[in-house]
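Please read the points below with the structure open beside you, and check each one against what you see there.

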Amino acid sequence: VKKIAVLTSGGDAPGMNAAIRSVVRTCAYHNIEVVGVYRGYQGMIEGDFEEMNARSVRDIINRGGTILKSARSKDFKTPEGRKAAYEKLKAAGVDSLVVIGGDGSFTGALLFNKEFGFPVMGIPGTIDNDIYGTDFTLGYDTALNTVIEAIDKIRDTASSHNRLFFIEVMGRDAGHIALNSGVGAGAEEILIPEENIGLKKLLESLEKSRRTGKTSSLVVVAEGDKIGKNVFELKEYVEQHHPDYDVRVSVLGHMQRGGAPSCFDRVLASRMGVKAVESLLEGKSNYMVGIRNNKMELTPLEKAIKGSSKIDTELLRVAEIMAT
Ligand code: ADP
């Protein structure tokens, strides 16, 4: 390994910059050359590279987003696109690749390796925490902190006006953000795709808490929840059955993906970058770097893509008890 390329791909997440910094500095530490690829796979196809050194990544550990930009590339899904990317890397003298992204990006990386035998290593960067092989993805902890800060503020209004709030949070098909932020922010109900509580039970729960003296409620809803209603339909449904409820909806949206990474995400990113580069140096390829039981571990990309991250049943129970 003489020259490593690093890119960020798919949805951005806080901590991506800290991971780029770590990859670049680990290369510098081992006297290997490193190039940053702009705009993910699209920039790889177009040869949008920049030679980097330890000083190129100053002042970014604390910044959200990604200085290398991210993109979704249709061209990389075609054999011609991947061939063009390979040619560009070869011409630049690059012999290994670190991809910071989600499972879509890993699928592309794996295909790229299969076609050209190009060594690749993945770092999981997504706020959704929906990737198999790691307890935490980069950006997840920051997003959770952002979400509970927002819900705390909504709580002020909810309790001042005796309102019921449905708060939609991100997470794609996974309920990790909803469940953890829901417990952290003290939500009364948490609706996640992994567990369909049903509309009837939701109403019962709200009625019960009213009877026991609760005057306002926060319900956290995962965007991928399968109760069959989005937050606006939920509001309508509850109002139909309880015209006396004062219901409001808040969709938190993209604020969840931004902001300065938490200390946890910065440390995780630093550890993942070191592990990714040093694994390539050991001759390994086609793995994703992850953290399990506070140890850095490698998971074959194939497994990371196909596996699913499980919801914590103990935490589900805690959520239920806390809503008493
Ligand atoms: P994420 O990595 O966050 O899951 P995407 O699913 O959008 O985000 O994937 C990011 C990029 O990875 C895509 O724009 C595409 O260039 C590449 N990619 C995704 N799936 C494939 C695939 N099946 N084959 C080749 N490239 C892919």
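1. A word on classes comes before the rest: Ala, Val, Leu, Ile, Met, Phe, Trp, Tyr, Cys and Pro count as nonpolar, Asp, Glu, Lys and Arg count as charged, and the others, Gly among them, count as polar. With those classes in hand, the lining of the largest pocket has six nonpolar, 12 polar and 10 charged residues. Please keep in mind throughout that this is a predicted model.

2. The largest pocket holds about 570 Å³ of space, and 28 residues line this pocket, with Gly10, Gly11, Arg72, Gly104 and Ser105 lying nearest its centre. Among the contributors to this lining, helix 4 gives the most, with six residues.

3. What takes up the space of the largest pocket? That space is taken by the ligand, and around the ligand there are 16 residues, of which Arg72, Ser73, Gly102, Gly104 and Ser105 come nearest. By class, this shell is made up of three nonpolar, nine polar and four charged residues. Helix 4, which spans residues 103-116, gives the most to the shell around the ligand, with six residues.

4. Individual atom pairs can now be looked at, starting with the side chain of Arg72, where a polar atom lies 2.4 Å from an oxygen atom of the ligand. From the backbone, a polar atom of Gly102 is 2.9 Å from an oxygen atom of the ligand, and a backbone N or O atom of Gly104 also lies 2.9 Å from an oxygen atom of the ligand.

5. Which element gives the most to the lining of the second largest pocket? Helix 7 does, with five residues. Sorted by class, the residues lining the second largest pocket divide into eight nonpolar, four polar and eight charged, whereas the lining of the largest pocket has six nonpolar, 12 polar and 10 charged residues.

How values were computed. Residues numbered from 1 in each chain as written. Predicted model: local features only at pLDDT ≥ 70, side-chain atom pairs only at ≥ 80, totals over all residues. Heavy atoms only, no water. Near = heavy atom within 4 Å. Polar contact = N/O pair within 3.5 Å; in protein donor to acceptor, adjacent residues only side chain to side chain. 1 Å grid on protein atoms, 1.4 Å probe; cavity = no way out; pocket = protein on both sides within 12 Å on 5 of 7 lines; lining within 4 Å. Sits in = over half its atoms within 2 Å of the grid points. Helix = DSSP H or I, 4+ residues; strand = E, 2+ residues; numbered from the N terminus. Points joined across faces, edges and corners; volume = space filled by probe spheres on them.
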